[in-house]
Amino acid sequence: MPVYKKTEKGMNELLAPSPHIDARLVSVLILVDGQRDSAEVNRLAKEVSLPADALDILFHGGFIDQKFKGSAGPADTKNEPLRQAVVPKPGDASARLKGFKALYSYLVEETKALLGLRGFVYQLRIERATTLLELKALIEPIGQAVLKKHGFEIAQNFMRESERLAVAAIAEREL
């Protein structure tokens, strides 16, 4: 399975104050990290009911690219016309805030429980985070610290739940 990374266009889309593509596509774009293969990204997206063809749309829109050149694209594209990304609807601020708070609370509690005093620096970073993307960026380093202290299974559970909350928050879905 191919591994994808965000392009400069993709990173700009994530950093934009209001994205120009559908919030569900932004959620999938966040899952693309240059380490997960397309099967893993599709599995995570499917767990929270995100579009099945999101990788195709992002790839053809120039938001993601293959990490290693020379392999096939996200799907077999037999002269299929490119689809335009859906323009996002104005977001419900209370739903986004609810998602932010859920992810924030989970990260604070789990960091404290799993890392104790070793997690103090991460807790400070979590408290300073003001956006969903800032919280999302902390999941990986905290997961690596949990992996070192507790092993693969606990770290995997932490990462899975954190990613689920992050994607749900960004997609503005109920948990």
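Okay, let's start with two helices: the axes of helix α1 (residues 8-15) and α2 come within 11 Å and cross at roughly 120°. Axes here are lines fitted to C-alpha atoms, for helices over the stretch in contact, with angles running from 0 to 180 degrees between N-to-C directions. That makes α1 oblique to α2; the scheme is under 35 degrees for roughly parallel, over 145 for roughly antiparallel, 65 to 115 for roughly perpendicular, and oblique for the rest. On α1, the contact uses Gly10, Glu13 and Leu14, and on α2 it uses Val26, Leu29 and Ile30. Contact means heavy atoms within 4.5 Å. By class, that contact has 4 nonpolar, 1 polar and 1 charged residues. For the classes, Ala, Val, Leu, Ile, Met, Phe, Trp, Tyr, Cys and Pro are nonpolar, Asp, Glu, Lys and Arg are charged, and the others, Gly among them, are polar.

Some housekeeping. This is a predicted model, where local features need pLDDT of at least 70 and side-chain atom pairs count only at pLDDT 80 or more, while totals for chains, interfaces and linings use all residues. Residues are numbered from 1 along each chain as its sequence is written, and side-chain values use heavy atoms, with hydrogens and water left out.

Now the whole chain. You've got 8 helices and 2 strands, and the pattern along the sequence is β-α-α-α-α-β-α-α-α-α. Helices (H or I, at least four residues) and strands (E, at least two) are DSSP runs, numbered from the N terminus. Of the 175 residues, 41% count as buried, where buried is under 20% relative accessible area, exposed is over 50%, and partly exposed is in between, with a 1.4 Å probe and protein chains only. Among contacts with a separation of 6 or more, 68% come from residues 24 or more positions apart.

Back to α2, with another partner. The axes of α2 (residues 23-31) and α8 (residues 152-170) come within 8 Å and cross at roughly 150°, so these two are roughly antiparallel. Ala23, Val26, Ser27, Ile30 and Leu31 of α2 meet Glu163, Val167 and Ile170 of α8. That contact divides into 6 nonpolar, 1 polar and 1 charged residues.

What about α7 and α8? Their axes also come within 8 Å, crossing at roughly 170°, so this pair is roughly antiparallel too. The α7 side of the contact includes Leu132, Ile142 and His150, and the α8 side includes Phe152, Glu163 and Ile170.

Last stop: Ala137, in helix α7 (residues 132-150). Buried or exposed? Ala137 has 53% relative accessibility, so it counts as exposed. From Ala137 to Ile126 is 11 residues in sequence and 9.9 Å in space, C-alpha to C-alpha.
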